[in-house]
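Have the viewer open as you read.

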Amino acid sequence: RLGDVTWDPNRAALVAEPDAVRPRLPKAFAQWDTDRFTVIAGTYRAGFGQRLTFDDSRRYTPNGIYLDDAMVARYRLVRSCSETAGETLDSPCSDDDLRVAPSFQVSPGLRGVAAGAKRLPLPVGWMQLYGFWSLQNYDVYQYLLYNRGPGCEDPRTDPECSIDVYAAQPDPLAPATGLRSRVLPNMVDVITQGANVTYFRDDRIHAGVTGFGAVPRWRAEGADLDFAANSRFPRGGAFGAVGADFAWGYRWADIFGEVSRSFDQTPVSQDGGGGFAGILRHTASWGDQELEVVGRYYDPHYANPYSRPISTRDRSGGNQARDEAGVRVRYNAELVERVDLRTAADLWVVPSRNIPRARTLARADVEATPWWRPGLWFDYQNNDISRPGFKDCIDETVVPDPVLGVPDSVFICGGQRFQITARSRFQPVKRFSFTVQYRHEVQNYFFGDVSSSSAASSFDDGVLDYELYDPLDPSSFVDSATYRDGLRQDINAFLLLAAQPTDALRLRTRVRWYWEDIADNSRREHSIWAYAEVRYKIRSWAIPTLRYDIWNYLDRRDSTLTRRPSPEHWIRFQFESRF
């Protein structure tokens with residue numbers, strides 16, 4: 001990881017200590033919990049109502065505070081050198097593209113103290129009270145920052161707002177190399193405090209109020225930093241939200257709703273100041289069937305980083321629950337004794353641009369025999385249903401901004417994506433199973449706006465050729481203008497084997513074949529990834545796991561041809577103890 005990041009007034013830029021192996025304790029907590037009361041000190045998550053006003057729990061129906069100990073191991077090597085020439089004549093990075101292992105990926109929740117009275121009896125029903133306080137430190141991707149110094153009027157368009165990052169040198173006056181595409185550690189502390197009060201008449205009828213306020217505190221002394229326009233956090237200083245939710249249920253029907261109002265310090269002229277949002281959800285359950293209908297509206301000014309209601313995965317100004325109005329219908333059923341069906345249809349509009357979008361999906365799994373369970377899935381998404389064809393808007397004129405190098409229009413054109421997935425799980429004996437899956441995807445253009453993501457763009461003879469990637473959104477839709485008369489096709493297939501010869505021993509192995517753009521092996525990733533894992537429970541206090549991974553890239557991109565090591569090998573040892 002990079003080391004401390006400080007402000008250099010001579011350069012009017014940030015300076016970061018070079019990469020090194022550094023210890024980090026991302027998660028730790030202590031909890032006291034009874035049937036009526038709970039207290040957590042350390043890392044935790046919280047969520048209430050319909051997840052509109054406050055939720056970072058990652059649960060579908062949260063209500064309370066939860067422990068947070070999640071980390072994710074990353075199995076993709078990263079470049080060992082990410083420096084530019086900066087103030088020097090040449091970049092220190094060689095043409096040999098050496099890769100190294102990345103850090104674990106940590107999703108920061110809340111860190112502080114939270115307490116709740118889960119059930120305070122009343123003459124009719126009961127009361128629920130929660131309060132939480134957090135001081136969480138955040139790493140920030142360097143392009144999600146901007147400098148509020150002189151000359152910066154609007155960070156969305158003004159190049160004077162950009163900020164450079166240099167690698168620290170032993171001699172602070174010597175020319176320094178620059179850093180690119182890096183996550184800067186320990187940049188900001190976000191102090192958050194909030195509360196929830198809910199009255200329950202019974203388990204299905206309640207009404208509650210939730211509110212929170214937050215203040216960012218930047219660590220680089222002397223710098224006037226703020227969040228960029230495409231960050232999940234509002235810029236300008238303090239922010240918060242307050243909302244009310246309810247639930248009512250009788251027999252087979254339940255109705256849920258929540259309204260919320262956000263507040264922030266971003267100028268109103270820059271889509272700030274806060275806005276309203278609302279969600280209404282109805283579920284009907286009978287037998288082995290369930291129908292859910294959800295209506296939602298999120299104002300273009302509703303910027304709430306702790307809002308996680310039902311919404312699409314596209315983003316506006318760094319937030320998913322923003323600038324969206326739509327209806328989603330979801331139906332799940334066991335049609336016959338051995339057939340499970342899951343379907344959904346979502347139709348929404350981007351109010352600020354009046355762009356209608358749609359997504360439909362269907363998944364059927366059949367228990368054909370006691371040892372064979374096949375499934376078939378369909379997923380279709382359309383970025384603008386007012387444009388009926390795949391090729392519509394290909395020929396639209398897109399004018400590059402002469403300063404920023406990206407289009408002066410935030411929206412380029414519509415796009416479509418279709419996925420079909422076939423999957424079968426076999427379990428010939430109780431302690432052994434294997435799963436085979438094949439997915440084929442066709443698409444053109446992307447689901448997203450250039451203004452809400454980090455885009456690398458180039459222009460050739462006036463024709464836009466872009467690659468769009470949002471580092472905060474793994475679902476960001478990517479493509480290019482290469483296929484003016486056709487569609488890009490991708491393949492994703494895997495084989496998974498799992499065995500448990502004894503109660504203490506567990507074995508797993510998986511092989512995945514991934515090929516983006518099968519028509520051209522020199523444009524995108526084409527790889528095979530495999531791993532084998534052995535887990536053995538010696539005692540409850542001693543559970544070791546050994547895992548071996550291999551990645552082999554098969555495409556002919558320049559970055560692949562110079563990649564080292566290739567193929568790449570991983571060995572991971574994990575020791576878990578429960579006591």
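A disulfide here is a pair of cysteine sulfur atoms within 2.5 Å. Keep in mind that this is a predicted model, where local features need pLDDT of at least 70, side-chain atom pairs count only at pLDDT 80 or more, and totals for chains, interfaces and linings use all residues. Residues are numbered from 1 along each chain as its sequence is written, and side-chain values use heavy atoms, with hydrogens and water left out.

Searching the whole structure turns up two disulfides. Counting bonded cysteines along the chain, the pattern is 1-2, 3-4.

| Disulfide | S to S distance |
|---|---|
| Cys 81 and Cys 93 | 1.9 Å |
| Cys 152 and Cys 161 | 1.9 Å |

Take Cys 81 and Cys 93: the S-S torsion is about -80°, so this disulfide is left-handed. Cys 81 sits in the loop between β6 (78–79) and β7 (83–84), and Cys 93 in the loop between β7 and β8 (97–100), so the bond ties together parts 12 residues apart in sequence. Strands are DSSP runs of E, at least two residues long, numbered from the N terminus.

For Cys 152 and Cys 161 the torsion is about 100°, so that disulfide is right-handed. Both Cys 152 and Cys 161 are buried (under 20% relative accessible area, 1.4 Å probe, protein chains only).

Now for the histidine. His 440 belongs to strand β26 (residues 432–444). Contact means heavy atoms within 4.5 Å. Beyond neighbours within four places in sequence, His 440 is in contact with Phe 418, Gln 419, Ile 420, Gln 489, Asp 490, Ile 491 and Ile 518.

How values were computed
Helices (H or I, at least four residues) and strands (E, at least two) are DSSP runs, numbered from the N terminus. Buried means under 20% relative accessible area, exposed over 50%, partly exposed in between (1.4 Å probe, protein chains only).
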